[in-house]
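Reader: Before we go through this chain, please show me the sequence and the structure.

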Amino acid sequence: MALKAVTDKTFDEDVLKSDKPVLVDFWADWCGPCRQIAPSLEAIAAEHGDKIEIVKLNIDQNPATAAKYGVMSIPTLNVYQGGEVVQTIVGAKPKAALERELDSFLSEK
């Protein structure tokens, strides 16, 4: 399952106005670690899509949003809830580590 791509133009609507938490994967084509974590993010999206939405934002094609949120190194994963960044994860991590860090969003409430 490929993750939905968001852009500078669609960011407000797709991410900031979402009813559920949205994890944004800031990435680029040339970033090896970004490609490394993509399958883990796709798996988390498939397993937990009812609780959290996961989308991708290519920083080369959408520099305004990356600059607005101070993304300096990639992959950066920001979780947005209610229009605000509520969690940031920087760097490639195994799926289990990502799930641990995202536990508050993934666990049943």
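**Reading the fold**

Author: P75 is found in the loop that connects α3 (63-68) to β4 (76-81), where helices (H or I, at least four residues) and strands (E, at least two) are DSSP runs numbered from the N terminus. The model is predicted, with local features needing pLDDT of at least 70 and side-chain atom pairs counting only at pLDDT 80 or more, while totals for chains, interfaces and linings use all residues. Residues are numbered from 1 along each chain as its sequence is written, and side-chain values use heavy atoms, with hydrogens and water left out.

Reader: What pattern does the chain follow along the sequence?

Author: The secondary structure comprises five helices and five strands. Read along the sequence, these elements follow the pattern β-α-β-α-β-α-β-β-α-α.

Reader: In which order do the five strands form the open sheet?

Author: Strands of a sheet pair through backbone hydrogen bonds, either parallel or antiparallel. Here the pairing is mixed, and the five strands form an open sheet in the order β1-β3-β2-β4-β5. Each of the edge strands pairs on one side only, and these are β1 (4-5) and β5 (84-90).

Reader: Which residue in β3 is the bridge partner of K4?

Author: β1 and strand β3 (residues 53-58) run parallel and are joined by two bridges, two strands being counted as paired if DSSP finds at least two bridges between them. Within β3, the bridge partner of K4 is V55.

Reader: Which residue in the turn of the β4 and β5 hairpin has a positive phi?

Author: β4 and β5 pair in the antiparallel sense over six bridges, and N78 stands opposite T88 in β5. The two strands form a hairpin with two residues between them, and the residue in the turn with a positive phi, of about 60°, is G82.

Reader: Does V79 count as buried or exposed?

Author: V79 lies in strand β4. Leaving aside neighbours within four places in sequence, V79 is in contact (heavy atoms within 4.5 Å) with residues including P21, V22, L23, I52, L102 and F105. Buried means under 20% relative accessible area, exposed over 50% and partly exposed in between, with a 1.4 Å probe and protein chains only. Because its relative accessibility is 1%, V79 counts as buried.

Reader: Which residues does S40 touch, not counting those up to four places away in sequence?

Author: S40 has its place in helix α2 (residues 32-48). With a relative accessible area of 14%, S40 is buried. Not counting residues up to four places away in sequence, S40 touches K95 and L98.

Reader: What radius of gyration does the chain have?

Author: The radius of gyration is taken over C-alpha atoms, and the globule rule is 2.2 Å times the number of residues to the power 0.38. With 109 residues, a compact globule would have a value near 13 Å, and the chain agrees, at 13 Å.

Reader: What percentage of contacts between residues at least 6 apart in sequence join residues at least 24 apart?

Author: Of the 109 residues of the chain, 46% count as buried. Among contacts between residues at least 6 apart in sequence, the share joining residues at least 24 apart is 71%.
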